[in-house]
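Read it alongside the coordinates.

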Amino acid sequence: MSSSSNNNINSNDDEEEESPNEPLQFEGKLNGERYIYHGFVEKIGKKKQNENRVLCLTRNALYQFNPYDNSLIQKNNLKEIYRIEPKSKLYFSIHFLRASSLLSGKKTKISGWGSGDSALNNVSIVDYYCDNAEQRYFWQVLIRRLKIDRWQCFIEDEIKLIPAPAIYQSSYFVTKVTRKKKLLPRFLILSSHTLYNVDINKKIEPKNIKWGISFEEILSVTKILDFENSFGLTVQIYPTTEAVKNKSMKEVTTFLLNNEHDRFHIISDLKRLIYLHTSKQLQVHSAEHKTK
């Protein structure tokens, strides 16, 4: 859930333009939330049993209504949306976190990596069809922008995971691979100063931070290449780092990203933030995956 960098943009309702009027068909159904936009789409069913929907976007949530009687079908808080991506000119996909508790408890095995609970077990992907490319692009931009704002508010203000004056940048739902090849879901959260490894357990909160390292402490990252459609990445910190010396974290930690898109963007985020803090280029290596 990836949440792309917000470039340190903070929303201020007092400075924003007046929001559009709430359409009559949604009156009393949006829980007093600020209406942003709505439109007709077609939800693509897994067995080609497509359903017409009205998507309605507020400042905090995405609603799905039946277009025939305006009844509510589904509501998702924007922090339950991990990612939105275009699939083609008229289609887009929304990656939903499966539940507020996040963890499905479903065990899985990834060849050559290990077994346990993978991040992919906890993401549900739903495809939508739009009548034109302009509408698809509009949904993509709006949901992505508001999702980032919602995550920033959640991380900074609601659970106070990132202390001021640091600012939320981005987050990635990943799978940690232990040295004993156990798979564990994690959130990697980047602030303007620190990379946090959060054990999501039942929910994201400060007490579940496994470690947080400043960007000055990161030595390199390595893309792990294999032919099993998995996207490995190791993060190596300096051996002189206090956390390594007191054995509260390993010098090298291995993660599996959900796809190449996420791996590319977390490396890009780290490059940018490390350069801002140290004026040095992040070392990025590639290595073949060793299954033994």
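Which side chain does a polar contact of 3.4 Å join to that of Asp262? The partner is His261. A polar contact here is a pair of N or O atoms within 3.5 Å; within protein, one must be able to donate a hydrogen and the other to accept it, and residues adjacent in sequence count only if both atoms are side-chain atoms.

This is a predicted model, in which local features need pLDDT of at least 70, side-chain atom pairs count only at pLDDT 80 or more, and totals for chains, interfaces and linings use all residues. Residues are numbered from 1 along each chain as its sequence is written, and side-chain values use heavy atoms, with hydrogens and water left out.

**Helix 3**

Asp262 sits in helix 3. Helices (H or I, at least four residues) and strands (E, at least two) are DSSP runs, numbered from the N terminus. Asp262 is buried, at 0% relative accessibility. Buried means under 20% relative accessible area, exposed over 50%, and partly exposed in between (1.4 Å probe, protein chains only).

Helix 3 has 19 residues. From first C-alpha to last it reaches 27 Å, close to the 27 Å expected at 1.5 Å a residue. That expected span is 1.5 Å times one less than the number of residues. Buried residues of helix 3 include Arg263, Ile266, Ile267, Leu270, Leu273 and Ile274. Seen down the axis of helix 3, its buried residues fall within an arc of 160°, so they line one face. The arc is that of the directions from the helix axis to the C-beta atoms. The face turned away from the buried side carries exposed Phe264 and Leu276.

Now the helix ends. At the start, a side-chain oxygen of Asn259 comes within 3.3 Å of the backbone nitrogen of His261. Ser279 follows helix 3, with a positive phi near 60°.

**Nonpolar cores**

A nonpolar core is a set of buried Ala, Val, Leu, Ile, Met, Phe, Trp, Tyr and Cys residues joined through side-chain atoms within 4.5 Å. The largest has 44 residues. Ile155, Phe187, Ile189, Ile204 and Ile218 have the most contacts inside it. Helix 3 (residues 260-278) gives the most to this core, with 5 residues. Apart from this core lies another, of 18 residues, among them Leu57, Leu62, Phe96 and Cys130.

Ile189 touches residues including Ile155, Leu161, Tyr168, Val198 and Ile204, not counting residues up to four places away in sequence. Contact means heavy atoms within 4.5 Å.

**Salt bridges**

The whole structure holds 12 salt bridges. Each is a side-chain nitrogen of Lys or Arg within 4 Å of a carboxyl oxygen of Asp or Glu.

| Pair | Closest N to O |
|---|---|
| Glu33 and Lys75 | 3.2 Å |
| Arg272 and Asp269 | 3.9 Å |

Glu33 and Lys75 link distant parts of the chain, 42 residues apart. Glu33 is in the segment before strand 1 (35-44), and Lys75 is in strand 4 (residues 72-77). Glu33 is buried at 15% relative accessible area. Lys75 is partly exposed at 37%.

Arg150 is buried at 9%, while Glu158 is partly exposed at 43%.

Arg272 and Asp269 both lie in helix 3, 3 residues apart, about one turn of the helix. Asp269 is buried at 7%; Arg272 is partly exposed at 28%. Elsewhere, salt bridges that share partners join Arg59, Arg145 and Asp149 into one network.
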